[in-house]
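The tour below goes from one selection to the next.

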Amino acid sequence: MTNKNSVTNIGVLTSGGDSPGMNAAIRAVVRTGIYRGLGVYGIMRGYAGMIDDEIIKMDSRSVANIIQRGGTILKTARSKEFLEFSGREKAYNNLKKRGIDGLVIIGGDGSFRGAQQFSKDFDIPCIGLPGTIDKDIAGSDTTIGFDTAVNTAVQAIDKIRDTMDAHDRLFIVEVMGRDAGYIALHSGIATGAENILIPETKTDMEEIICSLTEKEKRKKLVNLIVVAEGDDFGGANNVAKAIKERIPTADTRVCVLGHIQRGGSPTCQDRLIASHMGFYAVESLLSGKRNVMVGVINNKIYYTPLDEAVKQKQKIGQEWMKIVKILTS
Ligand code: ADP
């Protein structure tokens, strides 16, 4: 049974940066919505498609055979027009003419800001699902796409380590993470990196140079540094330059992993959390919830107001930083 706040037709969209597992989330939203007797619409290219009226009715078959695919069948985009009231009004009129009275937004913090503003303007309930490889959103232990991205990074770094060991080289690998160091932290720990440089902590280059100089004296400068693209010292190229200036004999190589971290088939964990969150996105709309993000904490569903989810970044536990120091010494 649905209550009086309930929705009748819902729209689902993916917005901002893509992440593996978004398709599994779309599938869960569409199939749960249909099971619950709702009309379900897919909105193409995020807020841009909502403004341009690229909205298609979904049925159960339209999400067949997508759970294992990376990217997003609904495509994703960024929209400058949506930042203006006039753009959001156009978008709202396109929803209204189809009777769409609830939205599920799969995206990152920017997309949630857009959802919040849209809901304020037009009183339409919006539910956010955290779809981002960076895990930079508070209110959930993980985000859709993080596990896949970090496993892709681990597989790549393992391969780099083989050639690094064969040649006694110093490798600096840059992973994604403009504001959050989770991909660097997890992939660095999992590959036994000697140094992990992340935006959340101040990078002490002097200390790194000192330990590398010690190793060089012992004629064994094999060292793996994993750096997040948004580290305060700069990315991998800046780190390499600083080391080369102080230790010119070091056989240094840089590898920037880049966009391979966004693509690929989602891991089992990402498929599961996307399915779990997608199901609860529809259930929460039906129970009258509005403007919350669905998160999973200790395997339980938690709802966080969208404004809190974007304001509070997920913090890196001090315990992890201590463990990293001990295990890499
Ligand atoms: P992500 O969701 O990956 O963080 P972006 O930061 O690019 O991606 O945001 C996605 C889209 O959300 C933007 O292109 C814009 O259309 C919309 N958006 C972001 N912030 C706002 C805002 N304050 N008001 C309205 N729309 C916004």
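Is Tyr 280 buried, exposed or partly exposed? Tyr 280 has a relative accessibility of 29% and so counts as partly exposed; buried means under 20% relative accessible area, exposed over 50%, and partly exposed in between, with a 1.4 Å probe and protein chains only.

Before going on, note that this is a predicted model, in which local features need pLDDT of at least 70 and side-chain atom pairs count only at pLDDT 80 or more, while totals for chains, interfaces and linings use all residues. Residues are numbered from 1 along each chain as its sequence is written, and side-chain values use heavy atoms, with hydrogens and water left out.

**Stop 1: Tyr 280**

Select helix H9, residues 268-286, which holds Tyr 280. Helices (H or I, at least four residues) and strands (E, at least two) are DSSP runs, numbered from the N terminus. Now show the contacts of Tyr 280, where contact means heavy atoms within 4.5 Å. Leaving aside neighbours within four places in sequence, Tyr 280 touches Val 294, Ile 301 and Tyr 303. For a sense of scale, pick Arg 178 as well: Tyr 280 and Arg 178 are 102 residues apart in sequence, and their C-alpha atoms are 29 Å apart in space.

**Stop 2: Asn 298**

Next, select the loop between strand S10 (292-297) and strand S11 (300-305), where Asn 298 is found. Asn 298 is not a glycine, yet has a positive phi of about 50°. With 65% relative accessibility, Asn 298 counts as exposed.

**Stop 3**

Move to helix H10, residues 306-311, and pick Val 310. Val 310 is buried, at 10% relative accessibility. Apart from neighbours within four places in sequence, Val 310 is in contact with Asp 109, Phe 112 and Arg 113.

Ser 111 belongs to helix H4, residues 109-122. The relative accessible area of Ser 111 is 5%, so this residue is buried. Which side chain makes a polar contact with the side chain of Ser 111? The partner is the side chain of Ser 15, at 2.8 Å. A polar contact is a pair of N or O atoms within 3.5 Å; within protein, one must be able to donate a hydrogen and the other to accept it, and residues adjacent in sequence count only if both atoms are side-chain atoms. Not counting residues up to four places away in sequence, Ser 111 touches Ser 15, Gly 16, Tyr 47 and Ile 105.

**Stop 3**

Axes are lines fitted to C-alpha atoms, for helices over the stretch in contact, and angles run from 0 to 180 degrees between N-to-C directions. To see the contact, show Phe 85, Arg 88, Glu 89, Ala 91, Tyr 92 and Leu 95 of H3 with Gln 117, Phe 118, Asp 121 and Phe 122 of H4.

Then select Asp 123, in the loop between H4 and strand S5 (126-130). Phi of Asp 123 is positive, near 55°, in a residue other than glycine. Asp 123 is exposed, with a relative accessible area of 57%.

**Stop 4: H5 and H6**

Select helix H5 (residues 146-167) and helix H6 (residues 182-190), whose axes come within 9 Å and cross at roughly 45°. H5 and H6 are therefore oblique to each other. The contact includes Ala 149, Ala 153 and Ile 157 of H5, and Ile 183, His 186 and Ala 190 of H6.

Which residues of H6 are buried? They are Tyr 182, Ile 183, Ala 184, Leu 185, Ser 187 and Gly 188. Among the elements covering them are H5, strand S6 (170-175) and helix H11 (318-327). End at Gly 192, which follows H6 and has a positive phi near 70°.

How values were computed. Angles under 35 degrees count as roughly parallel, over 145 as roughly antiparallel, 65 to 115 as roughly perpendicular and the rest as oblique.
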